[in-house]
Amino acid sequence: MSSFLTRRSLHCLLSRPPKPAVCIASSLTSARRSLSAMTANMDAVRAQIAEEVQVDLSSLLQRDENKAGLQEISRSFISDTITAPTPDMYAYASKASIGDAVYHEPTTVAFEAHVAKITGKEDALFLPSGTMSNQIALRTHLKQPPYAVLCDHRSHIVRYEAGGTAFHSGAHSQMVIPSNGHHLTLADIEENIVLGTDLHSSPTEVISLENTLNGTIFPQDEIIRISEYAHRVGVKMHLDGARLWHVAAETGTSMKELCAPFDSVSLCFSKGLGAPIGSCLVGTKEFIAKARWFRKLFGGGMRQTGFMSAAAAYALTHNFPRLPAVHELARRLEAGLREIGADILGPVDTCMVFFDPTPIGVSYTELVERARSLPEPIKLGGSRLVLHIQTSPKAVDDLLALVRQLADEKKAAGFVKPEAPLTNGRPYKNMYVKVKA
C-alpha cells in the first residue's frame with residue numbers, strides 16, 4: 001500500500017506543470033522578507049535579554065567606600081580573615097596567566113611548585129579554602145572504613161568545618177583534651193589512640209594536629225615524638241597549618257622543618273598573609289594526584305586561578321615579613337589588658353589574645369556594645385582578639401583606653417573583684433567565648 005502511494009505521489013508531482021519563474025521569484029522574496037523580519041525580531045529579543053542581565057556593581061559603591069572599609073578592617077579584632085587585598089596586590093595579580101586550572105594554568109602550576117619546594121614536599125595543590133584543604137586531605141588518607149581521626153578537641157576540623165569529617169569521609173573523630181591544657185603530647189596520643197582489630201572500636205588512621213592552635217605554638221620537639229610514634233604504628237600525620245607562617249616567622253624555623261613530620265599539610269594564604277583567597281595542600285605526588293581528583297569531586301575544580309595564585313604569591317613575598325610586627329602588637333595589647341586588671345587566658349605567642357574582663361567587673365557583651373558605640377567604632381566578638389597586618393596600632397590604644405575607662409566606671413560604682421575566678425559570672429570553662437553581634 002505504501003509503495004503504491006509513493007508511486008502515485010511521484011506521478012502527480014511529475015505531471016504538474018512547472019511554476020512560472022515570476023512565482024518562484026515572488027516566493028523567494030517573500031521568504032527573505034520573512035527571514036529578515038525574524039532576524040530583526042530576534043536581535044531585539046537578544047538586546048532585551050542583554051539589558052536584563054547587565055549589572056554595574058561599581059555604581060553600588062559610594063565614593064571612598066573602600067577607604068572606609070579599610071578603616072573598619074583596621075579596627076576589627078574579629079579575625080585575620082578580614083584582611084583585604086591592596087591595590088599593589090591587585091596590580092600584581094592582574095599580570096597572571098589565564099589558563100584553565102582543571103587542565104593547565106601556568107601561574108598556578110608555578111606557585112604550587114614553589115609551595116611544594118619550601119615545604120619540602122613532592123607536590124602541592126591550590127584550593128579555594130582551608131576547610132576544603134583539610135577535608136580533602138583527610139578524605140585522601142582515609143581509604144577503607146571503619147576509621148577515625150585523632151585530634152585536639154579544640155581543632156578547627158571538628159569545631160569549625162561544619163562536621164565535614166563525618167560528612168565527607170564518614171570518619172569518627174577521637175577528640176582529646178590535652179592533659180597539660182596547651183597541646184597534645186605523646187602520652188595523650190598513646191592513651192587515646194585506637195589500634196588493633198577490636199570490633200567495638202573505630203581504629204585511628206590519621207592523627208591531625210594544628211599549629212598554631214588558638215594562636216599558640218605547638219612545640220616542634222613534641223610534634224616529632226608524636227610523628228615518630230604514629231609512623232611506627234602505621235598511622236598517617238596531617239597538619240592544619242593555616243597559620244603555620246606565624247610559627248616560622250616567630251621561631252625562625254623553616255617551613256620545611258615545620259612540615260617534615262607530616263604526611264600532608266594544609267597552608268592558608270587568606271588569613272594572616274592577607275591574600276583574598278586560597279590554601280595549598282602539600283604531600284607526595286601520589287597523594288596530591290588523588291587529592292586533585294577529590295577536589296573535582298568536591299566541586300573545587302576552578303578555572304582561571306592564575307590571579308588567585310599570583311595574589312597569594314604577592315602575600316608570601318610582601319606580607320610574610322610583616323608578621324613579627326603583628327606579634328609584637330599582640331603582646332602590647334596583652335600587656336595593656338593585664339595592667340588594667342583583665343585576665344589573660346592563654347599564652348600570646350603570635351597574633352591572638354584571649355582575655356577575660358570579669359575581674360574588672362565588665363562583661364563581654366558590655367564591652368562589645370561600648371566598643372561598637374565609639375565615634376570610631378571597634379569591632380569585637382568576645383574573648384578572642386585577633387590582630388593582623390592591617391590592624392591599626394591606634395585601634396589597640398583605643399581599645400585599651402576603653403577597657404581602662406570601663407574598669408574605672410565599675411570601680412567608682414563600688415565593684416569589688418571576686419575572690420573566686422569567674423568568666424561572665426560563672427566558673428571558667430572555655431576560653432573562646434563568642435558574643436552575638
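Cys280 is buried, with a relative accessible area of 0%. The model described here is predicted, and it holds zero disulfides. Cys280 is accordingly in no disulfide, and the nearest cysteine sulfur, that of Cys268, is 10 Å away. The points below treat the cysteines, and then the backbone.

**Cysteines**
- A disulfide is a covalent bond between the sulfur atoms of two cysteines.
- The closest cysteine sulfur to that of Cys351 belongs to Cys268 and is 12 Å away, which is too far for a bond.
- Cys351 is buried, with a relative accessible area of 0%.

**Cis peptide bonds**
- Most residues other than glycine have a negative phi, and most peptide bonds are trans.
- The bond from Pro145 to Pro146 is cis, with omega near 5°.
- Pro146 belongs to the loop that runs between helix 6 (130-141) and strand 2 (148-152).
- A cis bond also leads from Asn211 to Thr212, with omega near 5°.
- The loop between strand 4 (204-210) and helix 10 (220-232) contains Thr212.

**Positive phi values**
- Ala162, a residue other than glycine, has a positive phi, near 55°.
- Ala162 is located in the loop between helix 7 (156-159) and helix 8 (164-169).
- With a relative accessible area of 82%, Ala162 is exposed.
- Asn214 is likewise a residue other than glycine with a positive phi, near 55°.
- Asn214 is found in the loop between strand 4 and helix 10.
- Asn214 has a relative accessible area of 17% and is therefore buried, since buried means under 20%.

Notes: Residues are numbered from 1 along each chain as its sequence is written. This is a predicted model: local features need pLDDT of at least 70, side-chain atom pairs count only at pLDDT 80 or more; totals for chains, interfaces and linings use all residues. Side-chain values use heavy atoms; hydrogens and water are left out. A disulfide is a pair of cysteine sulfur atoms within 2.5 Å. Buried means under 20% relative accessible area, exposed over 50%, partly exposed in between (1.4 Å probe, protein chains only). Helices (H or I, at least four residues) and strands (E, at least two) are DSSP runs, numbered from the N terminus.
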